[in-house]
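Let us look at one protein through a few questions and answers. Please keep the sequence and the model open beside you as you read.

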Amino acid sequence: QSENYSKILKTLMDANIHIEYSYSYVGSDLGKTVMIFCLSDNEKAIQVLSKQQIYATDCNDLGMLEAAA
């Protein structure tokens, strides 16, 4: 949903965290489209997003490492 994406972008921008690139991933076991970001400061991003009740997952949760092997 675009309002969720906008909330993520605004939160990162307000914290001066830069997005190096992003793309979407479809086909996970979560049953949803997942946005993948490469950020200038991952630890800070996790902290500021969590404060906005936006939670991160990692490649292990998505089974991406096994798929690539």
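**Aromatic pairs**

Q: How many aromatic pairs does the count come to by this rule?
A: Rings of Phe, Tyr and Trp (its six-membered ring) pair if their centres lie within 6.5 Å, and planes under 30 degrees apart count as stacked, over 60 as edge-to-face and the rest as tilted. This is a predicted model, in which local features need pLDDT of at least 70 and side-chain atom pairs count only at pLDDT 80 or more, while totals for chains, interfaces and linings use all residues. Residues are numbered from 1 along each chain as its sequence is written, and side-chain values use heavy atoms, leaving out hydrogens and water. By this rule, the number of aromatic pairs is two.

Q: Which parts does the pair of Y5 and F37 tie together?
A: Y5 and F37 are stacked, with 6.3 Å from centre to centre and 20° between the planes. Helices (H or I, at least four residues) and strands (E, at least two) are DSSP runs, numbered from the N terminus. Because Y5 belongs to residues 2–14 and F37 to residues 34–39, the pair links parts 32 residues apart in sequence, namely helix α1 and strand β2.

Q: Is Y21 buried, exposed or partly exposed?
A: Y21 forms a stacked aromatic pair with Y23, at 6.2 Å centre to centre and 10° between the planes. Buried means under 20% relative accessible area, exposed over 50%, and partly exposed in between (1.4 Å probe, protein chains only). Since its relative accessibility is 47%, Y21 counts as partly exposed.
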